[in-house]
Amino acid sequence: MKVKVRLFARLRELAGTSEMEVEIGEGMPVGEVFELVQARIPCLAGQQLPVAFAVNARYVAPDHPVGPGDEVAIIPPVSGGSGVLPGHP
Amino acid sequence: MFFLVTPDPLDPQQAVELVRRHEAGAVLVFLGVVRSQNLGRQVIRLQYEAYPEMAEQVMRELAQEAVARFQLTDVAIMHRTGVLPVGETSLVVAVSSPHRHQAFQGGQWLVDRLKERLPIWKKETFVGGEEWIEGELPPAG
């Protein structure tokens with residue numbers, strides 16, 4: 001089956017697209033879906049990236065199974081608001 | 001409760017009026033503002049990018065939790081997206097409560113959680129370059 005994967009911020013720029021369609025087996029863990037996405041972005045292939053995952057606009061663990069019609073999103077470390085970064089003055 | 005992710009300028013007074021209630025003796029408003037210095041660099045502007053549908057969902061979940069934990073009367077949260085020069089307001093959080101301590105504590109808790117969990121990112125343009133600012137990795141689930 002095909003799923004839609006949304007990309008944001010630095011990942012979106014590196015991929016050159018905000019959305020990708022990926023062919024997966026039903027129930028594939030979202031972490032493995034991201035590995036397929038990574039493999040299609042040459043500069044990201046094989047890297048360990050700090051990302052979180054969302055399915056249908058909710059945070060999920062990497063082992064969350066992806067089903068038909070699900071919308072997957074790859075969430076890089078977030079930085080809303082305008083405050084300081086953790087660990088910086 | 002009121003939640004908004006928008007490319008348009010934010011109106012803090014609108015947020016205040018949205019949470020003002022006869023039973024609430026305290027209204028607290030927080031503004032996040034683009035500041036001129038970060039990591040020792042002179043900031044020119046920030047570009048905010050959101051996953052808007054999810055951001056409003058996360059706002060709703062955190063606001064409901066804040067209401068339950070701190071007995072807040074009402075909550076309004078607004079986040080702006082797009083290119084914002086120094087001095088512009090990127091975040092407005094307004095809370096109301098019967099007494100002031102609940103508003104101060106609930107407001108601080110809510111702003112801290114929003115920074116950890118809102119799917120919103122910013123790219124900083126500073127004198128000499130630009131960079132995506134990557135802060136907190138949201139907890140799973």
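I number residues from 1 along each chain as its sequence is written, and chains are lettered from A and ligands numbered from 1 in the order in which they are written. Because the model is predicted, I require pLDDT of at least 70 for local features and 80 or more for side-chain atom pairs, while totals for chains, interfaces and linings use all residues.

**Chain A, confidence.** I looked up pLDDT, the predictor's confidence in each residue, from 0 to 100. Chain A has a mean of 88, and 89% of its residues reach 70 or more. Residues 84-89 of chain A stay under 50. For that stretch I find six contacts beyond four places in sequence; a contact means C-beta atoms, placed from the backbone, within 7 Å.

**Chain A, layout.** I list two helices and five strands. Both are DSSP runs numbered from the N terminus: helices are H or I with at least four residues, strands are E with at least two. From the N terminus on, the order is β-α-β-α-β-β-β. Of the 89 residues in chain A, 34% are buried. I call a residue buried if 20 or more other C-beta atoms lie within 10 Å of its own, exposed if 12 or fewer, and partly exposed in between, with C-beta atoms placed from the backbone. Among contacts in chain A with a separation of 6 or more, 50% link residues 24 or more positions apart.

**Chain A, sheet.** I trace an open, mixed sheet of five strands in the order β2-β1-β5-β3-β4. Its edge strands are β2 (19-23) and β4 of chain A, each pairing on one side only. Pairing needs at least two DSSP bridges between the strands. The twist averages 35° from one strand to the next. Angles run from 0 to 180 degrees between N-to-C directions, with axes fitted to C-alpha atoms, for helices over the stretch in contact. β3(A) and β5(A) run antiparallel, joined by four bridges. There, A:A52 has A:I75 in β5(A) as its bridge partner.

**Chain B, sheet.** I find four strands in an open sheet of mixed pairing, ordered β1-β5-β7-β2. β1 (2-6) and β2 (26-33) of chain B have a single partner strand each, so one side of each lacks a neighbour in the sheet. Neighbouring strands are turned by 5° against each other on average, direction ignored. β2(B) pairs antiparallel with β7 (residues 89-97) of chain B over eight bridges. B:L31 stands opposite B:V92 in β7(B). Helix α1 (residues 12-19) of chain B lies across β1, β2, β5 (74-80) and β7 of that chain, at about 20° to β7(B).

**Chain B, α2.** I checked the length of helix α2 (residues 52-70) of chain B. At 1.5 Å a residue, its 19 residues should span 27 Å, and the end C-alpha atoms are 26 Å apart, which agrees. The expected span is 1.5 Å times one less than the number of residues. Its buried residues include B:M54, B:V58, B:L62 and B:F70. Just after α2(B), B:Q71 has a positive phi of about 55°.

**Chain B, hairpin.** β8 (residues 120-126) and β9 (residues 129-133) of chain B run antiparallel over five bridges. B:K123 has B:W132 as its bridge partner. Two residues lie between the strands, and B:G128 takes a positive phi near 110°.

**Interface.** I count 24 residues from chain A and 29 residues from chain B in the contact. On the chain A side, α1 (9-15), β3 (52-55), β4 (58-60) and β5 (71-75) each supply at least two residues.

Methods. Two residues are in contact if their C-beta atoms, placed from the backbone, lie within 7 Å.
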